Amino acid sequence: MSDIDFSKSLTPWQIVQVARTAGRPLIQDYISGMCSDFVELHGDRAFGDDRGMIGGFATIGGERVMLIGHQKGKNVEDNIKANFGMANPEGYRKAMRLMKLAEKFHLPVVALVDTPGAYPGLEAEARGQAEAIARNLTVMATLRTPYVIVVTGEGGSGGALGIAVGDVVLMLQYAVYSVISPEGCASILWRDGKKAPEAAAAMKITADSLLKLGIIDEILLEPAGAAHSDPKAMVKTVKAAVLKRVKELKALPGDELTARRYAKLRRMGSATLANG
Amino acid sequence: MAWFEMSAAPQARKPLEAMWAVCSSCKAHVPHEEWHAALRVCPRCNYHDRLSCRERIELVTDAGSFQELNGRITFADPLKFEDASGPYAAKAKGAVAKTGLNEAIVTGTAKIDSLAVVLGVMDFRFLGGSLGSGTGDRILLAAEEALRTRRPYIIFSASGGARMHEGIVSLMQMARTCAAIAKLQEAGLPYISVLTDPTTGGVSASYAMVGDINISEPRALVGFAGRRVIEQTIKQKLPDDFQTAEYVLEHGFIDHIVERKAMKAFLANTLRYAGVK
């Protein structure tokens, strides 16, 4: 980290390091810095309350919303409770419950994405990690309320996507979003985990590449020296961008919202339907 | 010719695999003829061997009823991806040449016991059945065809998950396919998911797990994260039956395990319960 010169353009692998760095604003900072009110809502009503995924009623610049997102810990103890931001099935199911509640109460959803991935554990498999994520994908695709996503740190594969299907995807300048971690990709396709820098470059996981690919809609610039060097400024930027999008989307009727979302998903990442 | 008259007959020099099918699960050697007569199900351990999409279509649809849709849609290379073993485009072209398929799924319309359906069948031979943008397009367009013609939709999955060579674009296929499936749910159209060996990763975490009815074949591998990744994460050895169809059934995520020979009848019966005429 200390050897990164922010006055020059960063390599994808350097950006991965920045996205993971300690001191980068976490969901706790966004809640305290951009919400005048936050009422946490706990539990999936079936198994438990995942600390790796949190959510609740929030007021941002006078707008009432449902805020959900991955939670990483600020210290080792909190990180263990939050499972390092790797949610279990009950986390995705809690998020789904809050999405549906948002739809019922006509609240826009704001989702903050920052996870290495969904937790790969025995219990997670037993309780249906795959089903939990899959179900969320179908719910988000048809949710009749605005859905704004901000990728703030690590957008780790299905664990990120499990709360990240919506109307607009914003991404911080030094966040990353990928189908597999660079280390994972390197160990499979290069047969050497140490080739992660090569894999990071090949997978095009940085905000500028994802904007070109049409996967995200806007890059939120980070303060000089990246988000961790001035968390307050970063939170302010995110707040302004989220508020603008929420206000725009709220003006659309539910039918138009879901029709536009489907049309966007239909085009996005298509091999053939780019103009369809 | 009596056996003692045979001197080093050419047949004897044939490689073992030319005479025997080897069960990839229990390693039993079974004569090819018997293997095929049993629909590639191991007579010893009941492992249901992987089928090509053509074999699968023949098994579950009425003869001659399958008509392919969007067969020209093929892989795209949105990242111009290249890894240690070369460019993805070359690898994908190799898969096309080897399998005669353009993508990891074949979709189309068909009849099952006279009931009209839209069908998608994945083929593991094509890049491990991985979910690429061409795969996603075919799945999405077939769902739209089901919606347009008000037919039920059935997908047979066989996939290791996302296609890493298409990076984030591959991940987005999970969202796109589920969005199309969600439209069927809204329209009240039946969607049956059949999880065959293997159905893992991004495919199990998207369209394969959200059927109105999820079914599987005996002993199929069904799960989200890879066994090795989980063992490294939790630092424990996993039980032998972990992530089998039987395990997933026991944990409540699939409705039924159906033997291959009974699959067609099971699908037809289910469709009739779903009100399909």
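**Figure 1. Overall view of chain A in the predicted model.** Of the 276 residues in chain A, 54% count as buried, a residue being buried if 20 or more other C-beta atoms lie within 10 Å of its own, exposed if 12 or fewer, and partly exposed in between, with C-beta atoms placed from the backbone. This is a predicted model, in which local features need pLDDT of at least 70, side-chain atom pairs count only at pLDDT 80 or more, and totals for chains, interfaces and linings use all residues. Residues are numbered from 1 along each chain as its sequence is written, while chains are lettered from A and ligands numbered from 1 in the order in which they are written. Chain A has 12 helices and 8 strands; these are DSSP runs, numbered from the N terminus, with helices (H or I) of at least four residues and strands (E) of at least two. The radius of gyration of chain A is 18 Å, close to the 19 Å that the globule rule gives for 276 residues, so chain A is as compact as a globular protein of that length. The radius is taken over C-alpha atoms, and the rule is 2.2 Å times the number of residues to the power 0.38. The C-alpha trace of chain A spans about 45 × 40 × 40 Å along its principal axes. Among contacts in chain A with a separation of 6 or more, 70% are between residues 24 or more positions apart; two residues are in contact if their C-beta atoms, placed from the backbone, lie within 7 Å.

**Figure 2. The side of chain A that touches chain B.** The contact takes 45 residues from chain A and 49 residues from chain B. On the side of chain A, at least two residues each come from α5 (122–126), α6 (129–142), α7 (157–161), β7 (176–178), α8 (182–190), α9 (196–203) and α12 (254–267). The largest share, 10 residues, comes from α6(A). By type, this side of chain A divides into 28 nonpolar, 11 polar and 6 charged residues. Here Ala, Val, Leu, Ile, Met, Phe, Trp, Tyr, Cys and Pro count as nonpolar, Asp, Glu, Lys and Arg as charged, and the others, Gly among them, as polar.

Figure 3. The 14 residues of α12(A) should span 20 Å at 1.5 Å a residue, and the end C-alpha atoms are 20 Å apart, which agrees; the expected span is 1.5 Å times one less than the number of residues. Buried in α12(A) are A:L257, A:T258, A:R261 and A:L265. These residues cover an arc of only 90 degrees around the axis, which puts them on the same side of α12(A); the arc is that of the directions from the helix axis to the C-beta atoms. Their cover includes α6 and α11 (231–250) of chain A together with α7 (167–186) of chain B. The face turned away from the buried side carries the exposed residues A:D255, A:E256, A:A259 and A:A263. With 9 C-beta neighbours inside 10 Å, A:D255 counts as exposed. The C-alpha atoms of A:D255 and A:S181, 74 residues apart along the chain, are separated by 36 Å. Just after α12(A), A:G269 takes a positive phi of about 65 degrees.

Figure 4. In β4(A) (residues 109–115), 7 of the 7 residues are buried, so the strand is largely enclosed by the rest of the structure. A:V109, A:A111, A:V113 and A:T115 lie on one side, and A:V110, A:L112 and A:D114 on the other. Strand β3 (residues 63–70) of chain A runs parallel to β4(A) and is joined to it by 4 bridges; strands pair if DSSP finds at least two bridges between them. A:I68 stands opposite A:A111. β4(A) also pairs in the parallel sense with β5 (residues 147–156) of chain A, over 6 bridges, and A:Y147 in β5(A) is the bridge partner of A:V109. A:G166, in the loop between α7 and β6 (168–172) of chain A, touches A:A111, A:M140, A:Y147, A:V148 and A:I149, not counting residues up to four places away in sequence. With 26 C-beta neighbours inside 10 Å, A:G166 counts as buried.

**Figure 5. Strand β8 of chain B.** In β8(B) (residues 153–159), 7 of the 7 residues are buried, so the strand is largely enclosed by the rest of the structure. B:Y153, B:I155, B:S157 and B:S159 point one way, and B:I154, B:F156 and B:A158 the other way. Strand β7 (residues 115–122) of chain B pairs with β8(B) in the parallel sense over 4 bridges. B:F156 in β8(B) is the bridge partner of B:V121.
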